[in-house]
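Biologist: Before we discuss this model, could you put the sequence and the coordinates on the screen, so that we can go through the packing and the charged pairs together?

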Amino acid sequence: MQGEAGDRGGGVAPGRIGPATALGFSACALPAAMPSLSMMSVLGRPGVLRLRLRLRMLLTALKPGVLVSQAGPAAAFGTSITSAKVAVNGVHLHYQQTGEGDHAVLLLPGMLGSGETDFGPQLKNLNKKLFTVVAWDPRGYGHSKPPDRDFPVDFFERDAKDAVDLMKALKFKKVSLLGWSDGGITALIAAAKYPSYIRKMVIWGANAYVTDEDSVIYEGIRDVSKWSERTKKPLEALYGYDYFARTCEKWVDGISQFKHLPDGNICRHLLPQVQCPTLIVHGEKDPLVPRFHADFIHEHVKGSRLHLMPEGKHNLHLRFADEFNKLAEDFLQ
């Protein structure tokens, strides 16, 4: 999930990226051309920034299958956030992109989440010189609609393939993954199934199987009318109430189906296949994903590291954004 009801988005900077999503439940780059001094002297810095942004949009538009939808203003040289869609596996997937580093990083959101709602502090503040950061909207979420979101038993595997194929369509040769909640499960599956493509991985709020305890938590969020207004507002704004409510119910049914599989399995069988360096972050006050899930992943992903944040809850990357970003940057380098 993404942030417990009534407790979301602490530490999220205001602006076009938007607040953190409510319950991104876990059941678990374009190179920038440096303007010449002559251009700077003729156009001035603001003019050069506008020209550079237009060139970035044009270059994106020329990529096969990529549809440019919008781009945010550049707050400083090299920090603009572009938005676009690319055709992948029969759907048009929306993503945001920022930075100009050689190291590509994909941000994977949780249930009902999107790059826009789930990763504001990361899109804004991860090192733009070291990393090219892409935040995607899985099919049926955010701006990757149509289609409506559905939850067949292989929906995590489908998301993992979509995510990898999106980054390949954007011409990244290898990527690292930052996966929150459901996005953490997707990241684990992607790392296991596409090991040669994944450099490193950071996950938090994820689980590899479903227990009776988890099922009680899931049923507790089924009826969105019982969520706090603070929690509901950004998701209603993004989806409209009907789609938001309907998709939440479908998600609860979709995640609950794993409870009926042997050992409640989602991806526990794949954990030994993960080869990339992996950092597991867990908030010790996370009321949605118990500590034993982080311990299980740590135990079964060879060579992984487990980092505990004593005051962290489910949305630790938002509430403690600076601490989380430094942790992630240090690990990825």
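Biologist: Which residues of the largest nonpolar core touch the most other members?

Modeller: This is a predicted model, in which local features need pLDDT of at least 70 and side-chain atom pairs count only at pLDDT 80 or more, whereas totals for chains, interfaces and linings use all residues. Residues are numbered from 1 along each chain as its sequence is written, and side-chain values use heavy atoms, with hydrogens and water left out. A nonpolar core is a set of buried Ala, Val, Leu, Ile, Met, Phe, Trp, Tyr and Cys residues joined through side-chain atoms within 4.5 Å, where buried means under 20% relative accessible area, exposed over 50% and partly exposed in between (1.4 Å probe, protein chains only). Of the 68 residues in the largest such core, those touching the most other members are Met167, Leu177, Met201, Trp251, Cys267 and Ile297.

Biologist: Which helix gives the most to this core?

Modeller: Helices (H or I, at least four residues) and strands (E, at least two) are DSSP runs, numbered from the N terminus. With eight residues, the element that gives the most to this core is helix H4, residues 155-169.

Biologist: Why are the buried residues of H9 on the same side of the helix?

Modeller: In H9, which spans residues 291-300, the buried residues are His293, Ala294, Phe296 and Ile297. They lie on the same side of H9 because the arc that they cover around the axis, taken from the directions from the helix axis to the C-beta atoms, is only 160°.

Biologist: Is Lys232, which meets Glu229 in a salt bridge, buried or exposed?

Modeller: The N to O distance of this salt bridge is 3.0 Å, and the two residues are three apart in helix H7 (residues 229-239), about one helical turn. Glu229 counts as exposed at 55% relative accessibility, whereas Lys232, at 7%, counts as buried.

Conventions. A salt bridge is a side-chain nitrogen of Lys or Arg within 4 Å of a carboxyl oxygen of Asp or Glu.
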